Amino acid sequence: MVDLPTDIISQILSRIPMKSLFRFRCVAKLWCCIIDHPFFAYMHLSQCNEEHNMLLLIPYPTYRQKKLSFRLVEERGRNMKANKNSITEFDLNHCVLLSSCNGLVCIQYENKQSYVLLNPLRTDFLELPKATIKADYPEPVIVTCGFGFDASTSAYKVVRVVCRIENLTSRVIVHRVGTSSWREDLTPTIEVHRVDTSSWRENLTSRVEVHRVGTSSWREIGEVPPHPVEGKPVFAHGFLHWLVNPFRRESEGMIVSFHIGTEKFQWTPHPKVDATYTVLFQLVDMKGNLGMVDLSSKTNIDIWVQKDYKNKEWVRQYRIDIRAPCGRSNIEHIQVIGLWENGEILLKFNDGFFIYSPKTGLRYNNGLGLESDSPTGLHSHRGSLISIPKVTAAC
Amino acid sequence: MASAPENEKNASAPEKKTLTLKSMINNEEFVVDEHVALQSVTIKNMVDSDCAGDVIPVPTISGEILALVIEYCKNHANPSASEDDLKKADAGIVAKDIYTLIDLVLAANFLDIKGLLEVTSQKIADSIKDLPHQDVREIFGVENDYTPEEEAAVRAEHDWAFEGFP
């Protein structure tokens, strides 16, 4: 039989899902070489449109949990099960997964000034220089960080926004999204704060710094968001997107965006929805497009997708009926995790997982088959072969 | 203005020109309309540089495969075919066993027909993605140049990907 030319092998392999590629590295040395090549990583990323998002299981940060380990969750016989073996484990304490782009994940650990970048599928790991804007004030400080890619300069950048609430003398009550009550709390968290004075609104000051991956420092930029931002941003089409918190300040929009290339903030138009109480909304990554979940209705969940990014046009792509038999009582306990196989949507209701298929509706998923009792988070992740040492070498 | 030379060309060549493609493996000949055959960049380059005689010899491609290639080119030269029609027709062409597909992808590569190369590569990818790597090695006739220790080491780097595989 004729040997296939290398470029045909690349053509074929660029259409193969990630997990199979890791097995096919064992076919022969040439195949391994093709799959590991940095050029192939980008070819695969742009070509493999059918690549399913992978579900990664990541433990929540706890004091007990010393290791950060990633496990793959797959659908087997119409049920999702977590793999027995972990993909990789990292020695990091108190991690918070921030945002991901091109298969790379940015993680904050220990305090709010230390960050690492990793590709969980490749066991690649890069410790970023320590951020410079301090976050350890006595007053509440909101730190949010996002990670994105600028295609025009091939630059990966981490953006860190530190918002300080100054002169705060009044008490703060905290509402943890997903619970039904407010509790009094004086410690800074990235939860929803509400202060019972009216003067605090003027005392929010944001500072922003940017780190270009591969360089050795962070630099503060003059730009600040038009509205304080918090929580995890979603990266799509060169922008990081944050859903704004209406408690902070009266706002003219719902979504604040940061362009990775120009390093400027802007408002992004939101879909035409009735409510503006953003606690009932979530931003999600819909296969590289920005998605917004509307949980404000008692009967259905709507998922809007910004398909046409240039014209900022939103399309309602899913309307999920959540009345009986699957129904639920408390809307705040719903989380849309992301896209699952064949255009299905994965949701978390309280502690159970549901899969929504546009054809057959909602179906319940039994447990993930986990033996451990430690709380875990499930993240929808579009994996890539991109190797972090290659990213930094390009700078 | 831009369309003027084209009009002239159409006016001067009203009759349909044909080309004969000949498989050098089993000497089978296929007479095809020139505009159908010109979807192959390789054939177009030969015709443009006046290298093509009345019969164009096609080395290393069997008549069976050449027939599939011509069927693809005919479908895609039909201006009234909708995108849906073409998708269905493409699916029919690549509904073949893996060995035929490998011959077809080689032919598409040699004749430089981008669309055919893409649909065939996709079909091959879909057919092999869930196979054990040992089977893939056999299908592609690839010699295993790893020592058992080396292979075990490469495998150990991503052990999780082998769950449920030999």
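Across the interface of chain A and chain B in this predicted model, the rule finds two salt bridges, a salt bridge being a side-chain nitrogen of Lys or Arg within 4 Å of a carboxyl oxygen of Asp or Glu. The model is predicted, with local features needing pLDDT of at least 70, side-chain atom pairs counting only at pLDDT 80 or more, and totals for chains, interfaces and linings using all residues. Residues are numbered from 1 along each chain as its sequence is written, chains are lettered from A in the order in which they are written, and side-chain values use heavy atoms, with hydrogens and water left out.

**The interface of chain A and chain B**

- The contact, meaning heavy atoms within 4.5 Å, takes 34 residues from chain A and 37 residues from chain B.
- About 3200 Å² is buried between chain A and chain B, and carbon and sulfur atoms give 66% of that area; buried area is the accessible area (1.4 Å probe) that two parts lose on being put together, summed over both.
- In chain A, the residues that lose the most area to chain B are Arg15(A), Arg23(A) and Cys26(A), which together account for 22% of what that side buries.

**Pairs across the interface**

- Glu150(B) and Lys29(A) meet through their side chains in a salt bridge, at 3.4 Å from N to O.
- The rule also finds 12 residue pairs in polar contact across the interface of chain A and chain B, both residues being at pLDDT 80 or more; a polar contact is a pair of N or O atoms within 3.5 Å, where within protein one must be able to donate a hydrogen and the other to accept it, and residues adjacent in sequence count only if both atoms are side-chain atoms.
- On the side of chain A that touches chain B, helix H1 (6–13), helix H2 (18–24), helix H3 (29–36) and strand S2 (68–76) each supply at least two residues, where helices (H or I, at least four residues) and strands (E, at least two) are DSSP runs numbered from the N terminus.
- H2(A) gives the most to that side, with five residues.

**Salt bridges over all chains**

- The structure holds 15 salt bridges over all chains.
- The side chains of Asp36(A) and Arg25(A) meet in a salt bridge at 3.0 Å, N to O.
- This pair links distant parts of the chain, 11 residues apart, with Asp36(A) in helix H3 of chain A and Arg25(A) in the loop between H2 and H3 of chain A.
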